[in-house]
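Please keep the sequence and the 3D view open while reading.

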Amino acid sequence: MTKLQCLLINSNSASDNMIFKHVEKLSWLSFICNPINVREARHYLQEFNVDILFCDVATLCTREMDQFLQEFAPDTLIIIIDSKMALATAAISSNVFSFLPGPVSFDQFFYTVCRAKEFLQPVNKKESSVIMDFVFIKSEYKFYKVKFDDILFCEGMKDYTRVYLTDKPKPIITLQNLKTFVGKLPVNNFIRVHRSYVISLRSVDVVSKNEIVIGNKYIPIGESYRSSLFQLIQKIS
């Protein structure tokens with residue numbers, strides 16, 4: 001099952017901790033990073049495919065943020081968590097999926113995110129249940145069939161992406177930005193470690209404080225991605 005990727009814009013520590021505890025109980029939800037501020041959120045919304053954004057009323061009560069979400073995250077579901085008074089007096093123009101008055105119980109949270117899951121991942125019995133283990137990559141007017149297990153890492157270069165493969169001396173270059181291409185990869189096997197790099201976890205040889213070694217390649221670890229990377233490493237250590 002593909003996990004839904006979530007982002008939480010922090011409002012107060014008590015509310016943030018509660019939401020994190022609720023998410024930890026559900027195997028099909030995952031936070032991209034720790035609670036962040038609005039400025040950092042814009043970066044993540046541009047660089048990642050965020051399924052659900054949790055935030056408070058104040059976050060959306062600005063025209064600038066509203067326009068940003070419409071431009072860079074039109075498919076992201078917004079769930080507002082705030083006091084009943086704040087929700088009652090809010091003047092919000094963004095398309096909000098749901099409102100949750102705090103403090104949020106697990107039952108309330110579970111019901112809301114289940115509705116979000118049904119909206120984002122509708123069950124279609126007519127569709128094939130076969131899960132593909134490969135992707136077709138378009139490069140120079142050709143489509144290359146590439147197995148996910150053969151991808152070592154991806155390097156973003158503005159409007160195109162270099163895909164490095166096992167047993168291939170040169171990468172496949174595709175005219176897709178990194179965010180678009182990574183959206184086609186299984187989220188459980190790949191992780192973003194830098195603004196310009198996404199790596200295959202199974203291909204990693206060594207991880208140090210500032211870089212990752214994959215074969216004879218050295219991948220830098222971005223400051224914004226270090227925390228989520230090492231949290232994942234600790235979970236599987």
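A residue is called buried when its relative accessible area is under 20%, exposed when it is over 50%, and partly exposed in between, using a 1.4 Å probe and protein chains only. The model is predicted, so local features need pLDDT of at least 70 and side-chain atom pairs count only at pLDDT 80 or more, while totals for chains, interfaces and linings use all residues. Residues are numbered from 1 along each chain as its sequence is written, and side-chain values use heavy atoms, with hydrogens and water left out.

Start with L165, which has 9% relative accessibility and therefore counts as buried. L165 is part of strand β9; strands here are DSSP runs of E with at least two residues, helices are runs of H or I with at least four, and both are numbered from the N terminus. Leaving aside residues up to four places away in sequence, L165 touches V146, D150, I151, L152 and I172, where contact means heavy atoms within 4.5 Å. Of these, V146 is 19 residues from L165 in sequence and 8.5 Å from it in space, C-alpha to C-alpha.

Two loop residues come next. Most residues other than glycine have a negative phi. E140 is not a glycine, yet its phi is positive, about 50°. E140 sits in the loop between β6 (134-139) and β7 (142-147), and with a relative accessible area of 67% it is exposed. K158, also not a glycine, has a positive phi of about 60°. The loop that holds K158 runs between β8 (151-157) and β9 (160-165), and K158 is exposed at a relative accessible area of 80%.

S83 belongs to the loop between β4 and α5 (84-89). Its relative accessibility is 34%, so S83 counts as partly exposed. From S83 to N177 there are 94 residues in sequence and 39 Å in space, C-alpha to C-alpha.

Now turn to the helices. In α2, the residues A41, H43, Y44, L45 and E47 are buried, and their cover includes β1 (4-8), α4, α7 (178-182), β11 and α8. Within α8 (residues 223-235), Y225, R226, S228 and L229 are buried; the buried residues of α8 pack against α2, β11 (190-194) and β14 (211-214).

How are α2 and α4 placed relative to each other? The contact involves V38, R42, L45 and Q46 from α2, and E64, M65, F68, L69 and F72 from α4. Sorted by class, this contact has 6 nonpolar, 1 polar and 2 charged residues; Ala, Val, Leu, Ile, Met, Phe, Trp, Tyr, Cys and Pro count as nonpolar, Asp, Glu, Lys and Arg as charged, and the others, Gly among them, as polar.

Last come the nonpolar cores, meaning sets of buried Ala, Val, Leu, Ile, Met, Phe, Trp, Tyr and Cys residues joined through side-chain atoms within 4.5 Å. The largest one has 23 residues, and L7, Y44, L45, L60 and L69 have the most contacts inside it. Two or more residues of this core come from each of α2 (38-47), β3 (52-55), α3 (57-60), α4 (63-72) and β4 (77-82).
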